[in-house]
Amino acid sequence: MAESAVTFLVEKLSSLLEKEANLLGGVRNEVAAARDELERIKAFLRAADASEDEDAEIKVWVKQVREVAYDAEDILDEFLYRFGAHQRPGFYGYLIKMARTIKTLKARRRIASELASIKTRVTSISDGHQRYGQMLSRLEQGSSSSAGNNTLYELRSDARLLEEAHLVGMEHPKQKLKDYLFDKSSSLGVVAVVGMGGLGKTTLANQVYNDSEVNKHFQHHVWITVSQSFKLEELLKKIIHQLFDSIKQPHPQGAQSNDSHELKKIIRDFLRDRSFLVVLDDVWELQSWDALKYAFPDHNNGSRLLLTTRSTDVASTSTRDFIICNFCLKMNRNPCPSHLETISRNILKRCVGLPLGIVAISGVLSSKDINKTEDWNVVYRSLGAELEGNVKLQSVKRILSLSFNDLPCNLKSCFLYLSLFPEDSTFKNYEIVRLWIAEGCVQEMKGRTLDEVGESYFNELLNRSLVQLARVHPNKDINRFKIHDLVREIVLAKAEDQNFAAIVSAKNPRVPEKIRRLSMCTPLENLRGDYNFSRLRSLLFFPLEDDSASSFSMSAFFNGGLRLLKVLDCKNFPNLERFPEGITKLYNLRFLSLEGTEVTSVPPSIGKLRNLETLNLIETHVEELPEQILKLRRLRHIRVSRSFFNDGRLDKYAGFKAPLGIEKLTSLQIVGTSTIGA
């Protein structure tokens with residue numbers, strides 16, 4: 001990740017020297033010197049990044065490089081905020097500039113001094129590189145990098161992920177599981193699939209759940225993901241929704257109750273004298289099973305509950321019928337070239353049948369030249385002797401770290417960004433791409449839009465099996481994706497260790513120092529530590545769905561501490577009825593989402609957000625945008641729409657009234673349904 005941070009900073013410094021030379025004034029030399037020093041050490045960072053976990057000295061050196069890159073970026077962004085935000089054309093702008101000269105002279109000198117300090121630190125780090133140069137050179141020669149692959153960012157269809165994937169060893173356990181479900185016993189039966197994360201439990205359960213014979217055997221089918229931090233009432237509501245939606249009936253009175261007893265009664269009444277199959281996916285604890293099991297009646301009609309769990313205690317306590325999951329290898333249907341058969345078998349042997357490891361390594365190998373056996377041998381040697389025998393979690397981490405280290409530096413940043421999404425959450429590919437663009441993670445490429453380049457990044461993560469398809473939609477553009485739970489744990493640990501991103505929640509309320517991207521899953525008053533949000537570039541809210549969320553004070557974030565913020569995602573923020581005025585002070589803001597809130601209007605002061613690129617007001621009560629929106633020349637995406645339902649069904653879809661002249665926003669690519677005002 002030091003390579004990613006330095007590469008991003010070098011590009012930013014170069015752009016600043018080229019495009020903003022008039023702003024630099026007396027600090028131009030410091031900026032150029034810092035860039036040149038960083039360029040000198042950048043070439044060694046890829047090998048160092050990949051080896052920092054293996055060598056303590058290199059890890060310290062890499063951390064120093066990463067921290068100085070972060071600090072330099074902070075200084076530059078602060079510089080642009082102070083001097084770029086106040087540029088105005090014409091005589092009026094000249095007068096303002098003269099009036100501010102005395103005030104800004106001191107700030108300019110301070111920033112120049114800070115940049116000079118950065119140059120000194122970079123020089124010292126560069127000297128440190130000389131000590132490790134020989135070691136790093138050897139590491140670099142052994143690196144399994146694929147950065148030179150010219151086709152790395154080609155747009156690829158996700159059809160390969162769905163159509164070419166082939167599950168081996170599935171037939172027997174699938175049939176065994178079906179036999180359990182079709183057992184002649186008429187009493188309510190429970191079947192469990194148990195195994196560690198990544199072994200294919202959900203895959204097997206899903207294959208059975210979608211089997212045509214299974215669908216015909218049971219009248220009703222429900223799939224619920226429980227997860228580690230589940231809320232009983234919310235799960236019961238989801239079960240009710242699935243049951244009533246399956247027969248196209250409106251949800252009954254009391255379906256939104258927070259009384260678990262009442263919700264269980266609704267489920268039991270619905271399932272009375274009806275056969276059903278309910279899948280409870282990812283049950284972590286016995287308490288979870290105990291809280292849910294009484295929602296399902298036993299009327300001696302052969303109904304079944306199917307659990308997937310990592311816990312043998314949950315499996316053995318809930319039922320005597322369980323399958324230990326240790327199969328489901330992902331293989332390519334194309335025959336393996338003869339000269340790669342031996343090395344392929346060796347790689348599979350070292351993965352010891354772990355599907356997650358095999359999927360990850362196959363993603364690495366997919367970008368290697370099949371005519372170069374040595375490239376495949378490098379991957380094999382990098383797996384390490386620790387994979388022999390029974391594989392522990394650390395072994396999986398090492399495999400997945402290899403997949404991460406093999407990513408180009410810009411894709412590493414993109415992948416780490418996904419760690420901001422909580423467990424079991426899904427996302428749309430175009431939403432992620434716009435977040436990446438707002439953060440500057442997507443590089444410009446000649447002949448392509450930034451969205452097209454970002455989509456190619458996303459497809460590359462798909463092809464490497466680092467992102468999975470979670471939900472298929474007839475319109476493939478709005479498919480939903482997720483990260484495998486074990487992959488997410490590893491990515492989140494890396495993101496937090498490198499001060500790249502963190503999630504704060506009720507279980508983990510401490511905010512890391514110097515954090516740059518933050519996912520808020522708990523009210524502000526629950527936070528622990530002396531947190532400082534002045535370095536934040538991204539702030540994503542994932543509010544709770546209980547009463548405590550209403551006490552979440554958004555205004556606390558807008559007291560001058562977010563001036564460098566680029567991304568603000570307040571999707572589904574509870575009780576948010578007015579557009580927070582503090583948002584319009586965020587000059588650097590690129591991405592703003594108030595989707596799913598109760599906001600009714602957008603203030604004229606939105607015209608201050610001159611850098612805004614994406615404005616998402618889907619499912620709000622906004623009907624019209626102010627004419628000041630025309631000042632946002634960098635705006636590329638506007639999404640404003642409302643859905644109206646009748647008896648639980650979509651009745652109509654409404655857009656918004658756009659101001660005259662919106663066509664003059666030349667950067668605009670996507671606009672939600674709109675009418676042009678008179």
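Student: Is F427 buried or exposed?
Tutor: F427 is buried, with a relative accessible area of 2%. Buried means under 20% relative accessible area, exposed over 50%, and partly exposed in between, using a 1.4 Å probe and protein chains only. This is a predicted model, where local features need pLDDT of at least 70, side-chain atom pairs count only at pLDDT 80 or more, and totals for chains, interfaces and linings use all residues. Residues are numbered from 1 along each chain as its sequence is written, and side-chain values use heavy atoms, leaving out hydrogens and water.

Student: New topic: what sits over the ring of F270?
Tutor: The charged end of R274 does, 4.4 Å from the ring centre. The rule asks for NZ of Lys or CZ of Arg within 6 Å of the ring centre and within 35 degrees of the ring normal.

Student: Which ring face does R517 lie over?
Tutor: R517 lies over the face of F500, at 4.0 Å from the ring centre.

Student: Last one: what does A34 touch?
Tutor: Not counting residues up to four places away in sequence, A34 touches L13, I118 and V122, where contact means heavy atoms within 4.5 Å. A34 is buried, at 4% relative accessible area.
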